[in-house]
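Ready for a bit of practice with helix packing and nonpolar cores? Grab a pencil and work through the exercises below.

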Amino acid sequence: MKDYRPLLLFSIPYLTVSAGLYHLAFWSTFDINGLAYIGLQDVIKSFVFPFISVFILFVLGVSLNEIFLSFSSFDDKLVPGGGRNGKIGKKLNSKIGISIILFIWLITVLILYSIDNVGCWIIWAAVTGLVPVTVIDRNEIFHEFIENNKLRKYTIWILVYIPIFSFASGKYQSQLIHKNLKYKYTVRQKAIPNSDSYTVDTLKFIGNTGRQVFFTDINNSTIFILRADNIDTLILKQHD
């Protein structure tokens, strides 16, 4: 029986770092050092969204894989290493072929990262994980722990895409707020607690931690950090 304890011990800091990437991406959109404010509870909660996203894509990928491989006529023609040893496969796996593929992949990742479009973050995440998945699988990193080829491929796929989708999810969610596409807001709340000298018509709700609540104005020009214990009632409305 395989000893899976190293993988389990590895998964704890791995998932914690993955959740931290969500916060790093989310708060950086507003030039806020979110890691200075969040606690362990905030890290755990933030992990839910990217994990669900990866899980849905994982189930979809498995389903499509099973559908295509269920056709016996197609399955019988599959020969291990057949594609790699073919004429096109040999060219793609040559040093020049690999270099060209890596160059195209890197340029694509950088272009998608620089595009000022919220929806591109999902595409960026999907493309970014392609090369790491292939590299890990070909170097047989998990072959010692997981002998089943199909299970090993799915495990690598999940491990690679969880941190990538965590980062992409943070960017996606924060830019929805930053670009005024989808956000919660409060009307005419005091920007400075216990003071009547300064009020704002609309404050966008960025997020909250255990002790702080974060707002910004509609133009993202000013960040308001309020202590949660100074707020008696906070009424938020949804803008879609």
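This is a predicted model: local features need pLDDT of at least 70, side-chain atom pairs count only at pLDDT 80 or more, and totals for chains, interfaces and linings use all residues. Residues are numbered from 1 along each chain as its sequence is written, and side-chain values use heavy atoms, with hydrogens and water left out.

**Exercise 1.** Describe how α9 and α10 pack.

Step 1. Find the helices (DSSP runs of H or I, at least four residues, numbered from the N terminus): α9 covers residues 130-138 and α10 covers residues 149-178.

Step 2. Their axes (lines fitted to C-alpha atoms over the stretch in contact) are 9 Å apart, at an angle of about 135°.

**Exercise 2.** Which residues in α9 and α10 meet?

Step 1. From α9, take L130, P132, V133, I136 and D137.

Step 2. Across from them in α10 are R152, K153, I156, W157, V160 and Y161; contact means heavy atoms within 4.5 Å.

**Exercise 3.** Which residues touch the most other members of the largest nonpolar core?

Step 1. Such a core is a set of buried (under 20% relative accessible area, 1.4 Å probe, protein chains only) Ala, Val, Leu, Ile, Met, Phe, Trp, Tyr and Cys residues, joined through side-chain atoms within 4.5 Å.

Step 2. Among its 16 residues, the answer is W124 and A125.

Step 3. Now look at the suppliers: α7 (95-114), α8 (120-128) and α10 each give at least two residues, and α10 gives the most, with seven.

How values were computed
Axes are lines fitted to C-alpha atoms, for helices over the stretch in contact, and angles run from 0 to 180 degrees between N-to-C directions. Buried means under 20% relative accessible area, exposed over 50%, partly exposed in between (1.4 Å probe, protein chains only).
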